[in-house]
Every structure is written in C-alpha cells, then in structure tokens.
Amino acid sequence: DTTNLLDRVNNFIDTLSAIFKVDTLYETYRTPLNTYINFHLFYDINKNNRLSVLVRNQFYLEALHTSLSLGYTTKIGKILTLGASYSISNRKYDNFGFVLATRFGKTQFYITTDNLPIFMKKFNWGDNFSKTFSVPKNTKYFNIHYGVNILFGDKNSYD
C-alpha cells in the first residue's frame with residue numbers, strides 16, 4: 001500500500017463529508033445571551049431552620065420571564081439537610097420541589113427536584129380494565145439534579 005497516513009485521513013474526511021453532506025456557511029449571525037437577575041432573601045428562624053424567597057428574572061427571546069419561589073430548609077443533626085419549595089412560574093401554580101443533602105466532612109452530596117407532578121390521573125388496563133396505573137395529569141417536565149460539593153475553607157464557616 002503506497003498511500004501515506006495523511007492521504008488516508010483526507011480520504012476518510014472526504015467520505016464523512018459526502019455521507020453527512022457538510023455545507024460551510026460564511027454568514028455571520030448574532031444571538032443574545034440569556035441574562036438572569038436574581039433576588040434572593042432568606043430569614044434564619046433559628047440555627048437549623050431557614051425561610052427563603054427567590055425572585056428570578058430571565059431575559060429570553062427578547063422577553064422578561066419572572067418566577068417566584070418560596071422555600072424552607074431544616075438541618076437535622078450535623079449531616080442531613082431537608083428542604084421544600086413552592087414556585088410560581090410560566091403561569092403555573094403547582095410547582096413543588098424538594099431537597100436532600102448530606103455532608104460528610106468536607107464533602108456534600110445533594111439531590112434536588114422541582115416541578116414535581118402533584119395531580120395524577122389513573123388509567124385502567126389489562127383484562128376487563130382491572131389493572132390501574134397513575135401518570136402525571138398536566139406535567140410537561142420535571143427536573144432532578146444531583147451532585148457533589150467539595151467544601152473548602154474554615155470548617156466553622158460552613159453553612
């Protein structure tokens with residue numbers, strides 16, 4: 001075989017271009033970034049309980065989209081935090097969410113949800129429709145976020 005590596009790579013790229021019909025455009029375009037302006041207020045009821053209010057403003061597709069969230073979190077012991085939230089967003093008034101966080105030393109694990117389906121609709125199926133299952137009634141989406149935080153700095157300043 002007398003073809004070198006560069007010729008093989010060029011042939012491969014030509015083959016991919018033919019398969020996927022790559023077209024190069026040299027037209028410029030401009031799109032705005034999604035800008036967020038958030039106002040977050042919280043009130044510590046005591047050392048372990050907190051109320052919060054979040055007003056979120058998002059500029060998207062040249063329009064302002066505002067949402068309001070109310071939240072409550074509580075610390076149970078030194079490693080467990082639980083929370084709940086209620087949000088009004090996109091003219092929807094049934095947006096509920098929950099938070100679970102655990103902390104072991106300088107590592108925090110968390111899982112959060114929002115827009116949980118609250119109203120359910122039952123469907124019957126099976127022989128003579130004797131079996132049922134429930135699905136969300138009007139929910140288009142819901143979110144689940146999970147992750148790990150590594151905490152740095154003074155241990156006494158951890159929130």
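The questions below concern a predicted model of one protein.

Q: What percentage of the 159 residues count as buried?
A: The accessible surface comes to about 13700 Å², and carbon and sulfur atoms hold 60% of it. A residue counts as buried when its relative accessible area is under 20%. Of the 159 residues, the buried share is 13%.

Q: What share of the contacts with a separation of 6 or more joins residues 24 or more positions apart?
A: The contacts considered here are those with a separation of 6 or more in the protein. Within that set, residues 24 or more positions apart account for 27%.

Q: Is the pair of tyrosine 86 and phenylalanine 96 stacked, edge-to-face or tilted?
A: A search of the whole structure finds 2 aromatic pairs. In this one the ring centres are 5.3 Å apart and the planes meet at 50 degrees. Stacked requires under 30 degrees and edge-to-face over 60.

Q: Which strands hold tyrosine 86 and phenylalanine 96?
A: Tyrosine 86 is partly exposed at 25% relative accessible area, and phenylalanine 96 is partly exposed at 31%. The two residues are 10 apart in the chain, and their pair links distant parts of it. Tyrosine 86 lies in residues 80-89 and phenylalanine 96 in residues 92-104, that is, in strands S4 and S5.

Q: What is the angle between the planes of phenylalanine 104 and phenylalanine 109?
A: Phenylalanine 104 is partly exposed, with 47% relative accessibility, and phenylalanine 109 is partly exposed as well, with 39%. Their rings form a tilted aromatic pair, 6.4 Å from centre to centre. The angle between the planes is 55 degrees.

Q: Which residue lies over the face of phenylalanine 42?
A: A charge sits over a ring only if it is within 6 Å of the ring centre and within 35 degrees of the ring normal. Here the distance from the ring centre is 3.9 Å, and the residue over the face is arginine 50.

Q: Is asparagine 95 buried or exposed?
A: Asparagine 95 is found in strand S5. Beyond its neighbours within four places in sequence, its contacts are Ser85, Tyr86, Ser87, Ile88, Ser89 and Asn115. Its relative accessibility is 8%, and the cut-off is under 20%, so asparagine 95 is buried.

Q: Where is asparagine 115 found?
A: Asparagine 115 is buried, with 6% relative accessibility. Its phi is near 55 degrees, a positive value in a residue other than glycine. It is found between strand S6 (107-114) and strand S7 (120-125), in the loop.

Technical notes:
Residues are numbered from 1 along each chain as its sequence is written. This is a predicted model: local features need pLDDT of at least 70, side-chain atom pairs count only at pLDDT 80 or more; totals for chains, interfaces and linings use all residues. Side-chain values use heavy atoms; hydrogens and water are left out. Rings of Phe, Tyr and Trp (its six-membered ring) pair if their centres lie within 6.5 Å; planes under 30 degrees apart count as stacked, over 60 as edge-to-face and the rest as tilted. Helices (H or I, at least four residues) and strands (E, at least two) are DSSP runs, numbered from the N terminus. Buried means under 20% relative accessible area, exposed over 50%, partly exposed in between (1.4 Å probe, protein chains only). Contact means heavy atoms within 4.5 Å. Accessible areas come from the Shrake-Rupley method with a 1.4 Å probe; for residues, only the protein chains shown count as cover.
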